[in-house]
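Please have the model open as you read.

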Amino acid sequence: MASLRSAYDPRNAEIAVFPALLHARKEYGGKKIALHDADDRQLSYDDIVRAAFALGHALKKGTKRGEAIGLMLPHVIRFNAENEAARLGYAELASAPEIACVSEGVEQAVEALIGEIQTLLELAKMPATLGECGVKQKDLPMLAAESAKQWTATFNPRVITEKDFLTLYEAAF
């Protein structure tokens, strides 16, 4: 896969990952099931979009439009990829634009997807850490508590607690 990986250039991509998700939602309908989790919960495109916004909501005060979701997305993917069904879904998402090939390893494909998202964020000159967005480390517990109260968090492929949110924010700090 090294030759395919080196041939892929995100600057030539027709669409980034989150807009691709929104495009698929528009094309197939928000209620269309896109993922099944390990508990056999069915997640629609609407569910996945709401889950992406759950983490970003608490951060919107200290970030520009799109920064919070972009910054947190690699961390959320890594967290959710511990769920087998979500991991496979992310691996398949990485296969579509030929970022990686699922047949060469699901974990490798997930990490390639995360790496590609991080590359796109760098190309967009978006902040790489919460600290770069002006978030203070002392505020992370408050952000985690706010995120845990968001109804959109109930649509995450994995059950996510306030402690999990704090771990995600600390990883992004």
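## Asn80 in helix H4

Asn80 lies in helix H4; helices here are DSSP runs of H or I with at least four residues, strands are runs of E with at least two, and both are numbered from the N terminus. Asn80 is buried, at a relative accessible area of 1% (buried is under 20%, exposed over 50%, and partly exposed in between, using a 1.4 Å probe and protein chains only).

Beyond its neighbours within four places in sequence, Asn80 is in contact with Ala86, Arg87, Tyr90, Asn156, Pro157 and Arg158, where contact means heavy atoms within 4.5 Å. The C-alpha atoms of Asn80 and Pro157 are separated by 6.3 Å, although the two are 77 residues apart along the chain. With Asn156, the Asn80 side chain makes a side-chain polar contact of 2.7 Å. A polar contact is a pair of N or O atoms within 3.5 Å; within protein, one must be able to donate a hydrogen and the other to accept it, and residues adjacent in sequence count only if both atoms are side-chain atoms.

## About the model

This is a predicted model, in which local features need pLDDT of at least 70 and side-chain atom pairs count only at pLDDT 80 or more, while totals for chains, interfaces and linings use all residues. Residues are numbered from 1 along each chain as its sequence is written, and side-chain values use heavy atoms, leaving out hydrogens and water.

## H4 against H8

Helix H4 (residues 67–80) packs with helix H8 (residues 162–172) at an angle of about 130°, their axes 10 Å apart. That makes H4 oblique to H8 (under 35 degrees is roughly parallel, over 145 roughly antiparallel, 65 to 115 roughly perpendicular, and the rest oblique). Axes are lines fitted to C-alpha atoms, for helices over the stretch in contact, with angles from 0 to 180 degrees between N-to-C directions.

From H4, Met72, His75, Val76 and Phe79 meet Asp164, Leu168, Tyr169, Ala171 and Ala172 of H8. By class, this contact of H4 with H8 has seven nonpolar, one polar and one charged residues (nonpolar: Ala, Val, Leu, Ile, Met, Phe, Trp, Tyr, Cys and Pro; charged: Asp, Glu, Lys and Arg; polar: the others, Gly among them).

## Ser147 and Tyr169

Ser147 sits in helix H7 (residues 140–149) and is buried, at 0% relative accessibility. The side chains of Ser147 and Tyr169 are joined by a polar contact of 2.5 Å.
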